[in-house]
Amino acid sequence: MPSTDSSTPSDHSKPEIAQTRQVPRHAIAVLGNPNVGKTTLFNRLAGIRAKTSNFPGTTQEARVAHVQLPISIDEANTDAQAGIASVLIDLPGIYSLNLDLSESRVCRQVLDGSLAPAGETARVPDALLVVIDATNLMRNLSIVGESISRRLPTIVAVNMIDAARRKGIHIDAAKLSECLGCKVVLCSARTGEGLDTLVEQLTSAKIPDRSAPTDQAGIERWAQSIYEQVSAGSTGNQDDSLTDRLDRAFTHPVLGLLSFVAIMTGLFWTIFKFAAYPMDWIDLWFGHAGNWVGAILPAGPIHDLMVDGVIAGVGGTVIFLPQICLLFFMLALLEGTGYLARAAFVIDRALRPFGMSGHAFVPLLSSHACAIPGIMAARAIPDRRDRLATILVAPFMSCTARIPVYVLLTTILFPGEPMRQALAFTMCYVLGVAAGLFTSLLFRRTILRGKSRPMALELPSYRVPDLKSALLLTFDRGMVFLKKAGTMILAISIVLWWLGAYPHSDPTQASLDLRAQAESIVQSTPDAEPSLQAQSLFDEADALDTRNAAKNSMLGRLGSGFQPVFAPLGYDRQLTVGVLASFAAREVFVSTMAVQVAGSDDVEDETVLGSIANATKDDGSPMFTPATSWSLLIFYVLASLCLPTLVVTAKEAGGWKWAMLQLGWMSMVAYAGALIAYQSVLFFGGA
Amino acid sequence: MIEAPSISSQPAQPSTQIESKSIPMTQLMRGQTGRIDCTQAHPDECSMLRAMGLRPDASVQMCRLGEPCIVSLSGACRIGLAKDIASRVMVHIDD
């Protein structure tokens, strides 16, 4: 008879699992329904060692952790090592292994040994840990039945046992173990109860000596019969008036929308308020790093590459890390409360007329921080056409990389008028959302024809969110952002720096004349410090050389070549270079313009912002007229100026044709919008 | 190998044992309970709903009517359904 291990409520210590660097010889797949606390349990077992990994060729991801599991008493005599190097694989939450869904397919393939997360060897797992919810035992037993039919060493963790006790539910673990033919551990991932016992049992799981039917109806009857034998206490529908009232409020057509707006406003306020400080610190740190590296490296290509390419590129990316981390942290907390599933239904009502479903809510919300995690979050959308529509629309949401450009242009448009600046800023966000909805409507009536799939979602119980899980997820997402987006943007920044720095140009005659003039002033007053006038002439000569170098560089020539395309929008050569450089990352526009017009990329300096605002074209006319500024603002709201986003779109949508469609469509809309803005302002006399 | 205790050999418990007429879930009143008869939807959708626990003979209580329709499943979990789906889930009203 299989052994049974139930723990006592006092057994709440954190399980002791050491980190391993050995080649894992024991692979354990963690399987279970959504909302059963599977990931919380996994995080408890793995801690900070867990990392997110993709399944190659799919859009599904798993969390993987290499750990050292203690040897069970049964094996201790035959293995003298301190523990068994193991890999834990947290599979996507699924309701059934047999559904025709991407998540179910991935789980089947992992259990068959034909698929493994990237970096792991595909093999049949040595053990299967099935996590089930003690408060919803009957439904959860179905996936246990499907699992034991796989004939893998299996152990069942009956999670949320503390919540079950509070509901008056009693589960006979010994009887359950007997019915299933495998070990059963009662536990609570939130309190830590039973986890030591679970860890001890993980390496000694045995193939169940019972079987279950294989057809759906048979499994349902099997689950019901076992449930009746092992569960006692509270059954049937209970009065839960608080949950009822909250559900009715949060999904109410008016109250639900108001709650949603209030919660999201709070979320964004928190993100923008609290991310500002670490962003300033990071900005300052990279500024100092640039100065320090600039001071110790001799002038030359290596100096320029390090300061203008590597440090500026990495700094420009890392500066957005606080916002990304805060967004994921807040979303994880919100998800932990159980609210997000309700919000999805509120948004479903608003999005459905435009051909999207409430499943698009989290991806579109995340896209307001950065379209990359937003597009990746679209993986959770079950319907392919719904998912594609969401991916194509996501980059229209105003991401944080657009903010520096919005700030620059609204400041130029409305100097000293904060109220009008704020209105223009808000208009940018509204315009992005409106363009996204219109795009979805258009695509769902043409290339992605069909109604979006109606929603059926489990609504998790309202809970106090688990802070530790939220922090672990945030850490993990932050690392993913740094590794993927950072390296990608770094590479692009280096390429752009190279294009902008070569070929070198000789100083112009005008700058040589200015320097000669400055030298004569300096020599005429040898005992004193160079006068302000001399310094000003040197600065002017530097700016002329920088502008000349930029004009004759490969990027500059590219700008001159493309300028006729952007001429109807009011952009000169320098603005064209700024727009083209933005393909690396939108925020690059500000520093590119700063370099071009002032010969300096210190955009934090007010005088530099002022010099951009007062910049002139090659013919001496103002660069940023109201018409040009509006045109640029509209263009940046609507354009797909982000190469990393296109790469992620191609990957997540399943081909470059979707990325090209996104680029083509957004460019067309942006061009048309900017043209209309430019010509309209000119027509109404805005110059 | 031992077969699980006398489950698979049991005859099915078809919903026809319940003699009352089935109605769409959306016609349940708030607070009213019923037992699921069948789901008139695409087979994939039916399989998904069954896996979520909305299987024949499962007890459901109507918590919220309209869009979305929220039901409590045997008091164990809550499921939100678009009205379009809920109207295709047929239930017998409990006495």
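Modeller: Buried means under 20% relative accessible area, exposed means over 50%, and partly exposed is in between, with a 1.4 Å probe and protein chains only. The model is predicted, so local features need pLDDT of at least 70 and side-chain atom pairs count only at pLDDT 80 or more, while totals for chains, interfaces and linings use all residues. Residues are numbered from 1 along each chain as its sequence is written, chains are lettered from A and ligands numbered from 1 in the order in which they are written, and side-chain values use heavy atoms, with hydrogens and water left out.

Biologist: Is Phe250(A) buried or exposed?

Modeller: The relative accessibility of Phe250(A) is 18%. Because that value falls under the 20% limit, Phe250(A) counts as buried.

Biologist: How many residues apart in sequence are the parts that the pair of Phe250(A) and Tyr339(A) ties together?

Modeller: Rings of Phe, Tyr and Trp (its six-membered ring) pair if their centres lie within 6.5 Å, and planes under 30 degrees apart count as stacked, over 60 as edge-to-face and the rest as tilted. Phe250(A) and Tyr339(A) form an edge-to-face pair, at 4.9 Å centre to centre with 75° between the planes. Helices are DSSP runs of H or I with at least four residues, strands are runs of E with at least two, and both are numbered from the N terminus. Phe250(A) lies in helix 9 (residues 241-250) of chain A and Tyr339(A) in helix 13 (residues 339-351) of chain A, so the parts tied together are apart in sequence by 89 residues.

Biologist: Which residue lies over the face of Tyr462(A)?

Modeller: Tyr462(A) is partly exposed, with a relative accessible area of 24%. A charge sits over a ring if NZ of Lys or CZ of Arg is within 6 Å of the ring centre and within 35 degrees of the ring normal. At 4.1 Å from the ring centre, the residue over the face of Tyr462(A) is Arg342(A).

Biologist: At what angle do helix 21 and helix 22 of chain A pack?

Modeller: Axes are lines fitted to C-alpha atoms, for helices over the stretch in contact (heavy atoms within 4.5 Å), and angles run from 0 to 180 degrees between N-to-C directions. Helix 21 (residues 532-552) and helix 22 (residues 554-566) of chain A have their axes 4 Å apart, and they pack at an angle of about 70°.

Biologist: Which residue follows helix 1 of chain B and has a positive phi?

Modeller: In helix 1 (residues 43-51) of chain B, the buried residues include Glu45(B) and Leu49(B). With a positive phi near 115°, the residue that follows this helix is Gly53(B).
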